[in-house]
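Student: Hi! Could you walk me through this structure?
Tutor: Happy to, let's look at it together.

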Amino acid sequence: MSVVAQQMSAFVSLRDLAVQFPRPSGGDKCNRRNAKRRSPQAAIVPNFHLPMRRYEVKNRTSAEDIKSLRLITAIKTPYLPDGRFDLEAYDALVNMQIEHGAEGVIVGGTTGEGQLMSWDEHIMLIGHTVNCFGGSIKVIGNTGSSNSTGEAINATEQGFAVGMHAALHINPYYGKTSLEGLVCHFESVLPMGPTIIYNVPSRTGQDILPHVIHTVAQSPNLAGVKECVGHDRVETYTKEGIVVWSGNDNECHDSRWSYGATGVVSVASNLVPGLMRELMFGGGNPSLNKKLMPLIKWLFQEPNPISLNTALAQLGVARPVFRLPYVPLPLAKRVEFVNIVKELGRGNFIGDKDIQVLDDNDFILVGRY
């Protein structure tokens, strides 16, 4: 066969494999001006994803595997003095979560400062976490922290490609959309794999109403909802069999034991994973819950993760490096944290160094990273 003939044969084969869309007839072309406007719903193009290889399907985590998790830590991302990731410190933090019984980690969430990462950094950190710890803990990548559905799709495809077990998705913020738009947004990413939808109106400026969740809950890939609105909303879903994790450390005990929540996505567990596991696994424990409240209140006196970053630095498990716009708590609040640690007991906190009060000059603020 000649070279030309081979090229023509290959072209025909590729043409036959391409997705075929209907073409308008000549009459349609002439009558376009008089044609009635179609509903936007009719213009939505289905998402086409490459089929997974057999071993990928076999090894893929199911939504059911995610639904059973009770303690998920929104893991902190530590930095080197130049603002790059401190992977040695990060690995130590994840290891301490595993040792103290956390079942999952959110990588690059708000607590992990995904909003301050490039997507290259973000996907690298997800892949690194899967590669090092994926056999011991579920890795949930925050690949849905975008205003753009297209960006969320691309990041989520990459996250699953590097092995994450599930994706976390918020609703588009700032450039907000309608309830119908939210449904379309989530339905665009759900086909890719297990998904947790995160409702946090205090950050996004928009509540994901139950109508949206009920609509997308028809997908077998919806693992559940991380809910920050309160107990009543948690109970609304749990009564209907929808899995919910409390997104508020100060409410997680009651959400778990009185309103049917499966567990918590926790910030406090970065510091006291053992106590948070006890709170989620050991049955109702109002005494322990009350004991943890001063720490939890301290953690959220300023927007998260400012207090957490300050605390980890004072515990000596992360360098005192902040990517701007985050800055450490003032001295008086740093002293207050030392007293909280002494009250709860240093042995309940991660790390083995003595707690210390850092001076202002000890902190490094990085603006270009």
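**Helices and a loop**

Tutor: Let's start with a pair: helix α5 (residues 87-99) packs with helix α6 (residues 119-133) at an angle of about 50 degrees, and their axes are 11 Å apart. Axes here are lines fitted to C-alpha atoms, for helices over the stretch in contact, with angles running from 0 to 180 degrees between N-to-C directions. This is a predicted model, where local features need pLDDT of at least 70 and side-chain atom pairs count only at pLDDT 80 or more, while totals for chains, interfaces and linings use all residues. Residues are numbered from 1 along each chain as its sequence is written, and side-chain values use heavy atoms, leaving out hydrogens and water.

Student: Which residues make the contact?
Tutor: On α5 they are L87, Y90, D91, V94, N95 and I98, and on α6 they are L125, H128, T129 and F133. Contact means heavy atoms within 4.5 Å.

Student: And how do α7 and α8 pack?
Tutor: Helix α7 (residues 149-161) and helix α8 (residues 179-189) pack at about 20 degrees, with axes 9 Å apart. So α7 is roughly parallel to α8. T149, A152 and I153 of α7 meet H185, S188 and V189 of α8.

Student: New topic! How many helices and strands are in the chain?
Tutor: There are 16 helices and 10 strands. These are DSSP runs numbered from the N terminus: helices are H or I with at least four residues, strands are E with at least two.

Student: Where does α14 bend?
Tutor: At M293, by about 40 degrees, and a proline, P294, follows within four residues. The bend is the angle between axes fitted to the seven residues ending there and the seven starting there.

Student: Which residues of α14 are buried?
Tutor: L288, N289, L292, L295, I296, W298 and L299. They pack against α12 (252-258), α13 (273-281), α15 (306-315) and α16 (331-344).

Student: What about N221, buried or exposed?
Tutor: N221 has a relative accessible area of 19%, so it counts as buried. Buried means under 20%, exposed over 50%, and partly exposed in between (1.4 Å probe, protein chains only). N221 lies in the loop between α10 (210-216) and β6 (222-227).

Student: What does N221 touch?
Tutor: Leaving aside residues up to four places away in sequence, N221 touches A63, L190, P191, M192, G193, P194 and T195.

Note on methods. Parallel < 35°, antiparallel > 145°, perpendicular 65-115°, else oblique.
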